[in-house]
Amino acid sequence: SEVIRRCMETYEPFDMYYRIVLKGGAEKILHAKGEVLLDEGKPFKLLGTLQDVTERQLLIEKLQESEELYKEAQARTHIGNWSWDIEKDIVKWSDEMYRIYGLEPQSEKITFQRFIAFIHEEDRNRRITEITEAVKVGVASDYIMKIIAEDGRQKVLKGKGRVLKNKEGKSVGMLGTCQDITN
């Protein structure tokens, strides 16, 4: 192959994946890694490993396909998902959550304060109280709130969440879903 030829010319290691077809038509995906051994500056041996990674690669392909279907379902239903690590103040949003809030997917890191800033002033204090109470008692309730998206449009969102606890029962995070129900 081109990779092996280049390895023999440049003496650089190789790392490649390729497919083979067995008798009967079965296909395998192989992972080859290796290097050229030199003797007095000249190649004398190619040393490497070959591994059948068919199952692993097929699983990765299925997961990628599943992820694409999941993203498509979120986009069509305008449902996003989110999680919040309370101690680290890290909020993770799915791509659809960013879109709901009028942002490009994964365009910025979201903190709790950034999230709160989107909530319409009429609902902000109530929502902060609901979140604070959920963290305190360890149980979240469904919610409806208005936001002002990045582009200035007002939207109505409906959400469900749950509180995550550590082994000691302390609330350490929250996760949930949020749907744009404006229309």
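Tutor: Ala, Val, Leu, Ile, Met, Phe, Trp, Tyr, Cys and Pro count as nonpolar, Asp, Glu, Lys and Arg as charged, and the others, Gly among them, as polar. The model is predicted: local features need pLDDT of at least 70, side-chain atom pairs count only at pLDDT 80 or more, and totals for chains, interfaces and linings use all residues. Residues are numbered from 1 along each chain as its sequence is written, and side-chain values use heavy atoms, with hydrogens and water left out.

Student: How many cavities of 30 Å³ or more does a search of the whole structure find?

Tutor: Rolling a probe the size of a water molecule over the atoms shows where empty space is left. A cavity is a set of points, on a 1 Å grid over the protein atoms alone, where a 1.4 Å probe fits but cannot get out; its lining residues have an atom within 4 Å of a point. Here the search returns one cavity of 30 Å³ or more. The largest cavity holds about 150 Å³ of space, a volume being the space filled by probe spheres set on the points, which are joined across faces, edges and corners.

Student: Which residues line the largest cavity closest to its centre, and how do the lining residues divide by class?

Tutor: The lining has 13 residues, and W82, W84, F115, I131 and Y143 are the closest to the centre. Twelve lining residues are nonpolar, none is polar and one is charged. Strand 4, strand 5, helix 4, helix 5 and strand 8 each give two or more residues to this lining; helices (H or I, at least four residues) and strands (E, at least two) are DSSP runs numbered from the N terminus.

Student: Which residues have the most contacts inside the largest nonpolar core?

Tutor: A nonpolar core joins buried Ala, Val, Leu, Ile, Met, Phe, Trp, Tyr and Cys residues through side-chain atoms within 4.5 Å. Buried means under 20% relative accessible area, exposed over 50%, and partly exposed in between (1.4 Å probe, protein chains only). The largest core has 24 residues, and W93, Y101, F115 and M145 have the most contacts inside it. Among the elements that give it two or more residues are helix 3 (95–100), helix 5 (121–137) and strand 6 (143–148). Helix 4 supplies the largest share, four residues. A second, separate core has five residues, including C7, F14, M16 and V36.

Student: What does W93 touch beyond residues up to four places away in sequence?

Tutor: With contact taken as heavy atoms within 4.5 Å, W93 touches N81, W82, Y98, Y101, L103, Q106, I110, F115 and F118.

Student: Where does H31 lie, and is it buried or exposed?

Tutor: H31 belongs to strand 2 (residues 27–39), and it is buried because its relative accessible area is 10%. A polar contact is a pair of N or O atoms within 3.5 Å; within protein, one must be able to donate a hydrogen and the other to accept it, and residues adjacent in sequence count only if both atoms are side-chain atoms. Such a contact, of 2.5 Å, joins the side chains of H31 and D15. Apart from its neighbours within four places in sequence, H31 is in contact with D15, M16, Y17, T49, L50, Q51 and V53.

Student: What surrounds K33?

Tutor: K33 is also found in strand 2, and with a relative accessible area of 42% it is partly exposed. Beyond residues up to four places away in sequence, K33 touches F14, D15, L47, G48 and T49. The C-alpha atoms of K33 and G48 are separated by 5.4 Å, although the two are 15 residues apart along the chain.

Student: Which residues have a positive phi although they are not glycine?

Tutor: Most residues other than glycine have a negative phi. Two cases here are D89, at about 50 degrees, and Q106, at about 60 degrees. D89 lies in the loop between strand 4 and strand 5 and counts as partly exposed at 30% relative accessibility. Q106 is in the loop between helix 3 and helix 4 and is partly exposed at 47%.

Student: With which side chain does D180 make a polar contact?

Tutor: The side chain of D180, a residue of strand 8, makes a polar contact of 2.6 Å with the side chain of T182. D180 also touches H78, I100, K155, V156 and L157, leaving out residues up to four places away in sequence.

Note on methods. 1 Å grid on protein atoms, 1.4 Å probe; cavity = no way out; pocket = protein on both sides within 12 Å on 5 of 7 lines; lining within 4 Å.
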